[in-house]
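Please look over this structure. Some of the terms used for it need their cut-offs spelled out.

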Amino acid sequence: MALMVLLITCCAAAAAAGDDHELTHLHFYFHGINAGQPNASVVNVASLHKNGSTFGDVNVFDCALREGPSPASRLIGRAQGFVVHAALDESGGFTAVDLVFSDYGEYSGSTLATMGRFNVMAGPSERSIVGGTGKLRFARGYQIVELVNATDTSIVVVFDLYFTPAH
């Protein structure tokens with residue numbers, strides 16, 4: 001569960017964006033499946049501790065981005081990145097995530113890059129949108145991430161992104 005919680009760290013933070021009236025808003029859901037499960041999309045690749053601490057752990061992930069909170073909702077892309085458990089008190093970690101859109105209307109074939117701190121247990125988190133590719137090239141803004149549901153085997157997080165694409 002801690003692995004999944006810290007995995008969520010993998011996706012958002014505050015950033016500079018244009019005026020509020022110029023922001024583009026995207027809304028979708030991150031679906032992660034914990035290591036050890038069929039079709040796992042989150043894997044712990046480094047762990048320094050045998051005592052249960054997660055400080056220093058590194059997780060990589062390639063998780064589904066879906067239109068809705070149901071695992072049966074339309075797949076729109078993938079969240080690919082990593083989380084480093086970087087807080088001694090295990091309150092959160094650092095994430096770097098590429099949101100890769102494969103079936104998302106005008107943004108299909110484009111990406112958004114996000115990074116920042118996340119702690120799913122503390123409520124909504126913000127991460128920076130630091131760039132993008134394709135139609136989202138030079139995007140700048142922020143992402144709000146909030147836990148929808150977490151079990152021992154999976155996690156669902158809602159993503160709300162607000163950004164200014166290059167004009």
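The questions below set values against definitions.

This is a predicted model: local features need pLDDT of at least 70, side-chain atom pairs count only at pLDDT 80 or more, and totals for chains, interfaces and linings use all residues. Residues are numbered from 1 along each chain as its sequence is written, and side-chain values use heavy atoms, with hydrogens and water left out.

Q: Why is serine 110 called buried?
A: Its relative accessible area is 2%. Buried means under 20%, exposed over 50%, and partly exposed in between (1.4 Å probe, protein chains only). Serine 110 is therefore buried.

Q: What is serine 110 in contact with, leaving aside its neighbours within four places in sequence?
A: Contact means heavy atoms within 4.5 Å. The partners are Leu99, Val100, Phe101, Thr133, Gly134, Lys135 and Leu136. Serine 110 itself lies in the loop between strand E5 (93-101) and strand E6 (111-118). Strands (E, at least two residues) and helices (H or I, at least four) are DSSP runs, numbered from the N terminus.

Q: What makes aspartate 62 and arginine 78 a salt bridge?
A: The term requires a side-chain nitrogen of Lys or Arg within 4 Å of a carboxyl oxygen of Asp or Glu. Here the closest N and O atoms are 2.9 Å apart. Aspartate 62 lies in strand E3 and arginine 78 in strand E4 (residues 75-84), so the pair ties together parts 16 residues apart in sequence.

Q: Why does aspartate 62 count as partly exposed?
A: Its relative accessibility is 33%, so aspartate 62 falls in the middle class. Arginine 78, at 29%, is partly exposed too.

Q: Which classes make up the lining of the largest pocket?
A: Seven residues are nonpolar, five polar and two charged. Ala, Val, Leu, Ile, Met, Phe, Trp, Tyr, Cys and Pro count as nonpolar, Asp, Glu, Lys and Arg as charged, and the others, Gly among them, as polar.
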